[in-house]
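Hi,

Here is the structure I promised to send over. Have a look at it first, and then read my notes below.

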Amino acid sequence: MNPRLPWVLLVGAAVIIFILSCMLLSRGGRSPSCESQPSVVEKTGSMSQSLVFADLTAEEMSQVVRYLQGHLGVPLVEASRAKPSDNCIASVDVQVPAKAEVLRFLDGGGARPPREALAVLYFGNQPEPNITEYVVGPLPAPAYHRDVTVQRYGGKVPYHRRPTLGSEYEQLRVFLETKAFAAAPTFLREVLEYDRTNVAFQTTVPHGFQSGDRVTWFVVFQNVSGFFVHPVGLEVLVDHSSLDMSQWAVSRVFYNGQYYRDMVQLESAYVQGRISVEKVRKAAWDGDFSSMKPRAPRAALFPVQFEPQGRRYSVRKNQVLFQGWSFAFGMSVSTGLRLFDIRHKGERVAYEISVQEALSVYGSNCPGGMSTRYMDGSFGLGRYTSPLVPGVDCPYLATYVDTHSLSDSLRPKERKASLCIFEHNLGSPLRRHYSNLQSLYYGGLVNSALVIRSIATVGNYDYVWDFIFYQNGAIEGKVQATGYPSSSFLHGDGLRYGNRLWEHTLGTIHTQFFNYKVDLDVGGVKNSLVAHDMAFEMTRAPWSPEQQIERPRLTKKVLDTEDQAAFRLQSKMPRYIYFAANSKNKWGHQRGYRIQITSFAGDHIPEASSMERAISWARYQLAVTRRKEEEPTSTSIYNQNDPWTPTVTFADFINNETITNEDLVAWITAGFLHIPHSEDIPNTVTVGNSVGFLLRPYNYYDLDPSIYSHDGVFFTSEQDFTACEINPLACLPKTASCLPNFPPFTYDGFRNM
């Protein structure tokens, strides 16, 4: 070896170390990671006041359970183990105080309303089984309970209307596997290769055809990932109306287009060779075509947003502050995400904005599919809010909030990161203008908005619920639908009811409707509803009378009654419809907030249907009614299992009362028609499946409030637009060249399942 070689290597290594050291030192002039700057969040609202709307804490839920166990004088069984003939606590949620009490506290210096809970109990172990609702308070040390069932619903709620507990579904699964299926061993073994682990069941609702029924079709699928699109052709109708589970029985069986009296008859027909068998290829455990595992290798990472100078919003308990906005948020166990006391520039524009219901009406030539009308609030849009995956469900650096719920159990359940809040740069201008006439300048404002989001997974569907706050004073409510399409077994004339998605899979046609409650308080509690639109008028040109001009003009109408303010689903509605205040802006116009709906809804179920009144809110794209404490929601969790005698009928809210200068509520319905197609495999995308509404200031301000945003950009041809003091965008190489601090990835979605 050349004796000089070691010296050459040492010198080379020293040079490399020196160069790397210089590179590191040269970066010492800036921080390697982003650092928060002094907050520019405007301090509006009071966190202590917002707590009047706060969800129950886990400890408060437990206090309510202990109180009920000790003060009702009847045994209460853990709901997760309860039989239909037991008493149990179905759910516990916060009881939001009456609006008048809250406003006295928030605005009038009145006393804080007592903190209370609403408990729903199933009393199956009574001479007259029923559902009872109690208000329990005051929290955190309960001392009283009031039965509010009659007050809320006009009478006791019959027991058959109860939403189905998880324990009842488990008992039905055991019944199917141990009793029903035991009657057809040969058919199940040879046709389905049944081994007690390879099938999954999907329930259908409502349970029957008339009040008192509790008869449910169970559709059988292969038990694989994405089982919703793996039907095997077998469906079983179970009568579980009796509180004595030993009396449960199979009422009907369907297989590959044919109906049978029960599983015994199906077995007999199969053994005798009188069945047309359509054997389904056994799918791999990952679902094969329904697997969501990526089919492509990893490549360059997708773009990621970050906040180079820290968050520009704050989350304190249940209150959010952002760019002049403030609001309180919560999560109802049945209806999901809801907001209260929404203010812009310190002035309340809405008292409540909340999700009410998600409805799906299916078609099929299989019994389970054709009889399905899901009212997801009955299952629980809040209860089934799912933990969010950072970087996909929400931006990685969003603020994640844990929520608690108590349903189907005596113990509260924590859902980690089940709600997220983030500022979102939409990548487009909120407003802009490039002037190349007369003067030369550019003016614009980035469209950066605040989003609060939850995602509910109810069976096969995932609903992405957003409320979005813009810098111009607009609020958007939006829902995006994804998840798996529901399917039926393809047979006979199945293609009349959808598209073929795989060999034996029919993607079934269905409607999706989403209902919201929007309690606007524009310039105060008392508002009127005003419609502006356009009409063409013919006129002679004043300077040339022999010529005719067709010009659009403004039409105006005050909608005086609830009947005038109820717009049917497919009817023509005024393009500008707004809540008008009793005050005017600088230019003499009534200050207002406009309602603008984005919807592609299919048709509503015919009103002649025996169950239509239970979902009569879906008749209307918009209905504005007087606000009443006794009309807090457009539907009820009890409507699902007895839609023929609905506990709450929204159509009855509309009774032609005057709505001029009153406290008003807008009930908004948006939706879409979904005809599943091959691109819904493996599952449905959100693109094109997004509907909702906008609340937009309409003469509410004297000019666009976003002109006061710190994010504005303006420069002229005569200015040095590369200078930071002229153009903040010129500073980006410096202010945004830090490294964001990404915390380690965590996910708690599979904990305690």
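First, a term for what follows: a residue is called buried under 20% relative accessible area, exposed over 50%, and partly exposed in between, with a 1.4 Å probe and protein chains only. By that scale Glu133 is buried, since its relative accessible area is 3%.

Two notes on the source. This is a predicted model, so local features need pLDDT of at least 70 and side-chain atom pairs count only at pLDDT 80 or more, while totals for chains, interfaces and linings use all residues. Residues are numbered from 1 along each chain as its sequence is written, and side-chain values use heavy atoms, with hydrogens and water left out.

**Domains**

The protein splits into domain 1 (49-153), domain 2 (166-290) and domain 3 (313-698); the bounds come from an automatic or database domain assignment. I looked at how domain 2 meets domain 3. Their centres, taken over C-alpha atoms, are 37 Å apart. Domain 2 puts 36 residues into the contact and domain 3 puts in 33 residues, where contact means heavy atoms within 4.5 Å.

Together the two domains bury about 2700 Å², and carbon and sulfur atoms give 61% of that. Buried area here is the accessible area (1.4 Å probe) that two parts lose on being put together, summed over both. On the domain 2 side, Val205, Phe228 and Phe289 lose the most area to domain 3, together 22% of what that side buries.

What about charges and polar pairs?

Four elements of domain 2 each supply at least two residues to the side that touches domain 3: α6 (166-180), β6 (199-203), β7 (215-222) and β8 (231-239). β8 gives the most, with four residues. Helices (H or I, at least four residues) and strands (E, at least two) are DSSP runs, numbered from the N terminus. By class, that side of domain 2 has 15 nonpolar, 15 polar and six charged residues. The classes go like this: Ala, Val, Leu, Ile, Met, Phe, Trp, Tyr, Cys and Pro are nonpolar, Asp, Glu, Lys and Arg are charged, and the others, Gly among them, are polar.

**Salt bridges**

The count comes to 43 salt bridges. One of them joins Arg152 to Glu133, with the closest N and O atoms 2.8 Å apart. Arg152 sits in helix α5 (residues 149-153) and Glu133 in strand β3 (residues 130-137), so this pair ties together parts that are 19 residues apart in sequence. Arg152 is partly exposed at 33%.

Another pairs Glu170 with Arg173, the closest N and O atoms being 2.5 Å apart. Both lie in helix α6, three residues apart, about one turn of the helix. Glu170 is partly exposed at 38%, and Arg173 is partly exposed at 30%. There is also a network of salt bridges that links Lys99, Asp519, Asp521, Arg627, Glu629 and Asp663.

Ser364 is in the loop between β15 (347-362) and α9 (367-370), and counts as buried at 5% relative accessibility. A polar atom of the Ser364 side chain lies 2.9 Å from the backbone nitrogen of Cys366, and the side chain also makes a polar contact with the side chain of Ser488 (2.8 Å).

Ser486, in the loop between β21 (475-483) and β22 (487-489), is buried too, at 9%. Neighbours within four places in sequence aside, Ser486 is in contact with residues including Gln202, Phe228 and Tyr362.

Tyr442 is in strand β19 (residues 441-458) and is partly exposed at 23%. Tyr442 and Arg432 are 10 residues apart in sequence and 7.5 Å apart in space, C-alpha to C-alpha.

Cheers

Terms used:
Polar contact = N/O pair within 3.5 Å; in protein donor to acceptor, adjacent residues only side chain to side chain. Salt bridge = Lys/Arg side-chain N within 4 Å of Asp/Glu carboxyl O.
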